[in-house]
Amino acid sequence: MAAQLQLQIITLLWGCTAILGRQISIQAIPLVWYRLLIVVGVLVIYVPARGIPLRIPARAAARYALVGAFIGLHWLCFYGAIKVAGIATAVLSLSTVTFFTALIEPLVFRRRVAPAELAIGVIVVIAAALLIEVELHATAFGLALGLGSALLAAIFGVLNGKLAHDERPERLMLYELSAALLVVSAFVPFQLVVPSSADLGWLAILAVACTVIPQVWIIYVLRTLSPFTVAVT
């Protein structure tokens with residue numbers, strides 16, 4: 001019950017990220033970069049303050065960095081979809097994460113594909129496709145960014161479900177999001193801008209309330225609930 005309640009709060013906080021992404025005036029790449037810069041800065045202070053050692057084995061750091069790369073690319077696609085096609089298209093496309101998770105989770109956890117999970121995923125895809133086609137008339141590029149963000153979200157969500165039982169959530173997020181920052185930094189020189197004071201305020205809210213808190217909490221949730229349950233929610 002505690003995990004389910006926590007997941008509902010996380011879902012609400014994550015739901016705000018799309019609205020904030022539209023509210024912040026800078027483009028997707030610098031938006032994600034500044035978000036990650038703030039998040040990593042907060043975690044660098046927070047993790048040692050909790051008495052959690054920063055050092056981990058090199059092999060573990062490499063695994064976390066790989067997941068972090070998927071997170072960084074996911075955010076680039078998601079906020080790219082928001083800027084190109086709008087909030088509704090981005091969020092509806094992201095809902096197909098249910099379908100992708102139903103396929104990827106069995107591979108990572110080495111079990112058979114559950115027909116019920118796959119059926120739910122297919123229903124979500126059909127419903128999202130109908131809404132996007134009938135109501136939104138999204139461009140092919142905007143839709144591709146949205147679907148790409150869903151696929152990447154499924155990959156890192158399932159991988160985190162595997163890692164959740166082996167690592168402290170705060171330290172895991174620090175390593176993953178530091179790697180995400182490095183990945184996004186490769187794109188920044190082409191679009192780096194100085195955000196306005198208003199944008200900085202929204203970025204701070206996005207980074208702390210909608211990233212640090214839910215990203216750490218979701219690792220605790222994944223110790224109890226499956227990645228598919230999280231994806232459906």
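## The largest pocket

A pocket is here an open set of grid points, on a 1 Å grid over the protein atoms alone, with protein on both sides within 12 Å along at least five of seven lines. In this predicted model, the largest pocket has a volume of about 770 Å³. Its lining is made up of 33 residues, and those closest to the pocket centre are Trp14, Leu94, Val97, Val230 and Ala231.

Several helices contribute to this lining, with at least two residues supplied by each of helix 1 (2-23), helix 3 (58-85), helix 4 (87-94), helix 5 (97-109), helix 6 (115-136), helix 7 (140-163), helix 9 (197-221) and helix 10 (227-232). Sorted by class, the lining of the largest pocket comprises 21 nonpolar, 11 polar and 1 charged residues.

## Packing of helix 3 and helix 7

Helix 3 and helix 7, which each supply at least two residues of the pocket lining, also pack against each other at an angle of about 155°, their axes lying 8 Å apart. Because angles over 145 degrees count as roughly antiparallel, helix 3 is roughly antiparallel to helix 7. The crossing of the two helices is left-handed, and the contact of helix 3 with helix 7 has, by class, 18 nonpolar, 7 polar and 1 charged residues.

## Arg110 in a loop

Between helix 5 and helix 6 runs a loop in which Arg110 is found. The phi angle of Arg110 is near 55°, a positive value in a residue other than glycine. Arg110 counts as exposed because its relative accessibility is 78%, where exposed means over 50%.

Technical notes. Residues are numbered from 1 along each chain as its sequence is written. This is a predicted model: local features need pLDDT of at least 70, side-chain atom pairs count only at pLDDT 80 or more; totals for chains, interfaces and linings use all residues. Side-chain values use heavy atoms; hydrogens and water are left out. On a 1 Å grid over the protein atoms alone, a cavity is a set of points where a 1.4 Å probe fits but cannot get out, and a pocket is an open set with protein on both sides within 12 Å along at least five of seven lines; lining residues have an atom within 4 Å of a point. Grid points are joined across faces, edges and corners, and a volume is the space filled by probe spheres set on the points. Helices (H or I, at least four residues) and strands (E, at least two) are DSSP runs, numbered from the N terminus. Ala, Val, Leu, Ile, Met, Phe, Trp, Tyr, Cys and Pro count as nonpolar, Asp, Glu, Lys and Arg as charged, and the others, Gly among them, as polar. Axes are lines fitted to C-alpha atoms, for helices over the stretch in contact, and angles run from 0 to 180 degrees between N-to-C directions. Angles under 35 degrees count as roughly parallel, over 145 as roughly antiparallel, 65 to 115 as roughly perpendicular and the rest as oblique. A crossing is left-handed if the near helix is turned anticlockwise from the far one by less than a right angle, and right-handed if clockwise. Buried means under 20% relative accessible area, exposed over 50%, partly exposed in between (1.4 Å probe, protein chains only).
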